[in-house]
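Please take the sequence and the coordinates below together, and keep both in view while reading the paragraphs that come after them.

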Amino acid sequence: MGQANKKLFIKTWGCQMNVYDSRRMADVLRPLGYAEVDGPEDADMIIMNTCHIREKATDKVFSEIGRLKEHKKAKEANGGKMLMAVAGCVAQAEGELILQRAPDIDMVFGPQTYHQLPEMVLKATGMMGRPRIVNTDFPPESKFDLLPEENASQGMSAYLSIQEGCDKFCTFCVVPYTRGAEFSRPLRAIIDEAKQLAQNGAKEITLLGQNVNAYHGMGHNGSQADLTDVIDAVALIPEIERIRYSTSHPRDMDERLIDAHGNIEKLMPFLHLPVQSGSDKILKTMNRKHGRDLFFDIIEKLRVKRPDIVFSSDFIVGFPGETDQDHADTMDLIRRTKFASAYSFKYSARPGTPAANMQGLVREDVKNERLQELQALINEQQYEFNKSCMDRVMPVLFDRIGYKDGQILGRSPFFQSVSVTAPQRLLGQIIDVKINRASPNALSGEVVLVEDIYEAAE
Ligand code: SAH
Ligand code: SF4
Ligand code: F3S
């Protein structure tokens with residue numbers, strides 16, 4: 001292979017796992033001379049890292065290919081070459097179809113094959129013609145063990161992937177098929193990576209996994225470790241001041257983990273806990289394997305352990321068989337819980353999933369109505385929560401420059417976006433801010449100065 005200076009453009013859709021994977025693909029390709037760039041123009045390789053979770057995923061990929069192939073043509077017109085690849089969950093689900101329908105695509109490979117990228121790239125750019133590559137294997141070895149050590153700095157707020165895949169088979173969901181079986185990394189590897197991130201400036205770590213609280217990796221001395229063990233271990237790293245984890249499943253919220261929210265100060269008082277529906281009947285046909293009472297129970301216990309904790313969730317409206325009453329049950333669950341934020345989606349039938357064959361399809365206009373009603377309630381609750389933060393002083397981790405001049409942005413412990421007017425040297429710091437404005441989606445405030453604290457004490 002040539003020396004350095006090949007341009008790599010990666011476009012990422014989907015969840016944080018994909019964001020993580022994109023970074024790791026760049027890590028694997030760096031030794032081959034590829035350096036990441038921000039746009040597709042003149043790239044030597046383009047990777048589309050795709051998501052298959054909701055409808056039109058495949059169509060979206062094809063239209064993106066249509067757009068990007070113009071860059072490939074331009075490059076070829078100048079005598080250059082550009083590799084075009086589709087990775088991620090659409091690649092896993094639709095590998096062959098993509099090769100058939102998109103002649104410009106050189107490579108299609110699934111999420112569990114990224115450690116094999118150097119070989120695949122060598123093949124695709126090789127002398128022996130330019131074979132097109134499709135690789136949707138679930139290799140026996142784990143990519144985590146074979147990817148190079150993570151060295152890129154992610155800055156003050158870092159994501160650390162500890163678990164991947166899912167064995168739960170909710171009837172609407174493609175993840176168990178596109179990502180494969182649950183896999184947990186060994187505790188040792190996680191701690192090493194967390195220390196590395198801390199050395200590179202991380203103050204906050206979000207432990208990631210499709211089913212993060214189902215984590216069951218190899219612990220010390222061959223014992224089995226769970227998510228609480230991971231949190232305990234990461235909390236011991238002095239530079240790490242904040243810990244979050246995502247995404248969790250209600251069924252795996254065990255007592256130790258609930259206790260951890262009370263015992264571990266560094267664990268932030270914000271939990272994303274997808275529940276999908278408030279109707280026992282729908283939860284059952286979704287194969288969530290729990291009822292609404294378990295959800296209420298967990299919320300209550302967590303509030304006892306950590307009184308300031310707030311929640312976010314995911315909801316699906318219009319699952320097959322969802323009646324007005326089922327929807328009313330979901331609205332009731334939301335009213336009773338009071339969320340600080342939430343994501344909500346219209347059910348979309350995914351090929352190959354059991355729900356795609358279920359009876360009782362909900363009409364599109366009914367789905368729209370339910371979604372609007374649900375989102376209006378969530379927005380109201382989010383605004384209420386934001387307003388309740390007025391005049392409070394809270395620590396904010398500043399991690400980015402704001403849109404307006406002189407403004408910097410950060411996150412509250414409750415994951416709200418907070419803006420202040422302050423010098424950029426505060427980026428990367430956790431600073432107390434007094435909140436003086438609450439909007440439906442964000443907060444703003446003023447940095448609390450030492451002299452203010454003295455005055456307040458007088
Ligand atoms: N592992 C997480 C969620 C993964 S997918 C969990 O167990 O909750 C992220 C969200 O996308 C899901 O929580 C769900 O709300 C939504 N989603 C997944 N499949 C969907 C489908 N077929 N139609 C609509 N929304 C879906
Ligand atoms: Fe999908 Fe359910 Fe697994 Fe979440 S728990 S990834 S929704 S199958
Ligand atoms: Fe999408 Fe795959 Fe993540 S389908 S949500 S990118 S696991």
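What follows goes from the domains to the ligand surroundings, then to a helix pair, a salt bridge and some points of backbone geometry.

The model is a predicted one, and the domain assignment of its chain gives domain 1 (6–135), domain 2 (143–388) and domain 3 (393–457). Taken over C-alpha atoms, the centres of domain 1 and domain 3 are separated by 39 Å.

Around ligand 2, the residues are Cys166, Lys168, Phe169, Cys170, Phe172, Cys173, Val175, Pro176, Asn211, His249 and Arg288, with 7 nonpolar, 2 polar and 2 charged residues by class.

Turning to the packing of helices, the axes of helix H9 (residues 255–263) and helix H11 (residues 292–305) come within 7 Å and cross at roughly 35 degrees, and the crossing in which H9 passes H11 is right-handed. On the side of H9 the contact is made by Glu255, Ile258, Asp259, His261 and Gly262, while H11 brings Ile298, Lys301, Leu302 and Lys305 to it. By class, this contact of H9 with H11 has 3 nonpolar, 2 polar and 4 charged residues.

Side chains of opposite charge can pair when their charged atoms come close. A search of the whole structure finds 31 salt bridges, and one such pairing joins the side chains of lysine 75 and aspartate 42, with 3.3 Å from N to O. This pair links distant parts of the chain, 33 residues apart, since lysine 75 is in helix H2 (residues 57–77) and aspartate 42 is in the loop between strand S2 (34–36) and strand S3 (45–50).

Serine 341 is placed in strand S16 (residues 341–346). When neighbours within four places in sequence are left aside, serine 341 is in contact with Phe270, Phe311, Ser312, Ser313, Ile378 and Gln382. Between the C-alpha atoms of serine 341 and asparagine 78, which are 263 residues apart along the chain, the separation is 50 Å.

The peptide bond from serine 246 to threonine 247 is cis, with omega near 0 degrees, and threonine 247 is found in the loop between strand S13 (242–246) and H9. Asparagine 221, a residue other than glycine, has a positive phi, near 55 degrees, and its place is in the loop between strand S11 (216–218) and strand S12 (224–226).

Notes: Residues numbered from 1 in each chain as written. Chains lettered and ligands numbered in written order. Predicted model: local features only at pLDDT ≥ 70, side-chain atom pairs only at ≥ 80, totals over all residues. Heavy atoms only, no water. Axes fitted to C-alpha atoms, helices over the stretch in contact; angles between N-to-C directions. Helix = DSSP H or I, 4+ residues; strand = E, 2+ residues; numbered from the N terminus. Left-handed = near helix turned anticlockwise from the far one by under 90°. Contact = heavy atoms within 4.5 Å. Nonpolar A, V, L, I, M, F, W, Y, C, P; charged D, E, K, R; others polar. Salt bridge = Lys/Arg side-chain N within 4 Å of Asp/Glu carboxyl O. Domains from an automatic or database assignment. Near = heavy atom within 4 Å.
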